[in-house]
Amino acid sequence: MQSLTRFFHLLGFALLFCLAVVPSTCRAADTTPIPAIAAAANIKFALDGIVKNFTAETGLKVRVSYGSSGNFVAQIQHGAPFEMLLSADERYITELNKVGFTQGEGVQYAVGRLALVVPKNSPLALDIELNGLKALLAAGQLERFAIANPDHAPYGERARELLKELGLWDELQTKLILGENASQAAQFAISGSTQGGIIPLSLAIAPQFQALGHYLALPSDLHGPLNQRMALMPKASPTAERFYQYLQSDAARAVFTQYGFGLPVN
């Protein structure tokens with residue numbers, strides 16, 4: 001009997017130690033699935049803030065991967081387990097919806113803009129008509145200029161449209177450095193490896209980028225619209241659905257506005 005009592009005393013002590021000292025190994029793990037979200041690289045800084053707020057308010061988590069919208073479409077069509085896509089161009093959501101990869105047509109969540117950016121030691125002058133870029137080209141002094149790859153990155157496609165509108169596209173062909181997505185293009189544009197670039201305004205105004213360079217917002221009438229749309233995938237979890245709704249809240253819209261996005265008129 002004494003040995004049995006001692007056993008239970010030791011068991012109680014062990015349980016208390018387990019709960020107080022090593023809860024991560026003794027308590028049941030949180031089994032709530034964390035949905036995988038695919039998001040255009042241009043919304044990284046805004047969405048990081050929104051995700052943080054969402055988790056603080058709801059206790060729920062999401063895992064975000066950033067990249068080019070076109071590449072994500074290809075991945076989703078080949079079975080990538082994303083539960084939501086936040087695209088930089090609404091046409092990608094339309095394409096996915098036509099072949100049954102989304103829950104309906106989704107909703108527009110933001111309107112993007114382009115910016116001309118330069119590293120702080122660049123000789124490239126900032127102006128909305130890109131006369132500084134024309135001057136460097138004419139003088140043979142432009143070495144490298146960055147944009148996102150226009151073949152699969154919407155912001156690169158719109159940058160190409162703008163450069164063509166201003167008669168600069170052909171001259172720039174041998175000078176272009178193409179980022180795999182908008183975020184990589186932004187890194188090229190202000191890292192000192194180029195003399196500047198055209199990137200999303202939402203990245204240019206982020207403190208991390210302003211510390212390294214200067215920017216100027218470019219007119220939206222020189223290129224097609226950057227209507228950014230999101231949609232849930234057919235097997236989206238309740239957490240993904242909750243996040244989708246949160247992205248349409250006033251709190252989330254305020255963060256998008258802070259990073260230079262326009263808001264859709266619903």
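# Briefing on a predicted single-chain model

The backbone nitrogen of Asp151 lies 2.9 Å from a polar atom belonging to the side chain of Asn149. That detail comes from a predicted model, in which the secondary structure of the chain amounts to 13 helices and ten strands. Of the 266 residues in the chain, 48% are buried, and among contacts between residues at least 6 apart in sequence, 76% join residues at least 24 apart. The points below begin with residues in loops, then turn to charged pairs, nonpolar cores and a pair of crossing helices.

- Asn149 is placed in the loop that runs between strand E6 (145-148) and helix H7 (154-165).
- Although Asn149 belongs to a loop, the residue counts as buried, because its relative accessibility is 15% and the cut-off for buried is under 20%.
- When neighbours within four places in sequence are left aside, Asn149 is in contact with Gly156, Leu178 and Gly179.

**His223, another loop residue**

- His223 is found in the loop between strand E9 (213-217) and strand E10 (227-232), and with a relative accessible area of 11% this residue is buried.
- Its contacts, again leaving aside neighbours within four places in sequence, are Leu114, Arg158, Glu161 and Leu162.

**Ile128 and a contact across the sequence**

- Ile128 sits in the loop between strand E5 (114-119) and helix H6 (131-138), and at 43% relative accessibility Ile128 counts as partly exposed.
- Ile128 and Pro219 are 91 residues apart along the chain, yet their C-alpha atoms are separated by 7.0 Å.
- Not counting residues up to four places away in sequence, Ile128 touches Leu216, Ala217, Leu218, Pro219 and Leu222.

**Salt bridges**

- Side chains of opposite charge can pair when their charged atoms come close, and this structure holds seven salt bridges.
- One of them joins the side chains of Arg91 and Asp89, with a distance of 2.9 Å from N to O; here Arg91 is partly exposed at 30% relative accessibility, whereas Asp89 is buried at 5%.
- Another salt bridge brings together the side chains of Glu90 and Arg229, at 3.3 Å from N to O.
- Because Glu90 lies in helix H5 (residues 90-98) and Arg229 in strand E10, this pair ties together parts that are 139 residues apart in sequence.
- Within that pair, Glu90 counts as partly exposed at 23% relative accessibility, while Arg229, at 17%, counts as buried.
- Arg91 also forms a salt bridge with Glu157, in which the closest N and O atoms are 3.0 Å apart.
- Since Arg91 lies in helix H5 and Glu157 in helix H7, the pair ties together parts that are 66 residues apart in sequence, and Glu157 counts as buried at 16% relative accessibility.
- Through salt bridges that share partners, Asp89, Arg91, Glu157, Arg158 and Glu161 are joined into one network.
- Two members of this network, Arg158 and Glu161, are also among the residues in contact with His223.

**Nonpolar cores**

- In soluble globular proteins, nonpolar side chains tend to be buried together.
- The largest nonpolar core of this model has 69 residues, and those with the most contacts inside it are Leu86, Leu130, Phe145, Ile198 and Phe243.
- Helix H3 (residues 44-58) supplies the largest share of this core, which is six residues.
- A second, separate core consists of twelve residues, among them Ala38, Phe72, Phe82 and Leu96.
- Leu130, named above for its contacts inside the largest core, is in contact with Leu116, Leu162, Leu163, Leu166, Leu168, Ile198 and Leu218 once neighbours within four places in sequence are left aside.

**The crossing of H3 and H12**

- The axes of H3 and helix H12 (residues 238-246) come within 11 Å and cross at roughly 115 degrees, and H3 passes H12 in a right-handed crossing.
- Where these helices meet, the residues from H3 are Leu47, Ile50, Val51, Asn53, Phe54, Glu57 and Thr58, and those from H12 are Thr239, Arg242, Phe243 and Tyr246.

Definitions and conventions:
Residues are numbered from 1 along each chain as its sequence is written. This is a predicted model: local features need pLDDT of at least 70, side-chain atom pairs count only at pLDDT 80 or more; totals for chains, interfaces and linings use all residues. Side-chain values use heavy atoms; hydrogens and water are left out. Helices (H or I, at least four residues) and strands (E, at least two) are DSSP runs, numbered from the N terminus. Buried means under 20% relative accessible area, exposed over 50%, partly exposed in between (1.4 Å probe, protein chains only). A polar contact is a pair of N or O atoms within 3.5 Å; within protein, one must be able to donate a hydrogen and the other to accept it, and residues adjacent in sequence count only if both atoms are side-chain atoms. Contact means heavy atoms within 4.5 Å. A salt bridge is a side-chain nitrogen of Lys or Arg within 4 Å of a carboxyl oxygen of Asp or Glu. A nonpolar core is a set of buried Ala, Val, Leu, Ile, Met, Phe, Trp, Tyr and Cys residues joined through side-chain atoms within 4.5 Å. Axes are lines fitted to C-alpha atoms, for helices over the stretch in contact, and angles run from 0 to 180 degrees between N-to-C directions. A crossing is left-handed if the near helix is turned anticlockwise from the far one by less than a right angle, and right-handed if clockwise.
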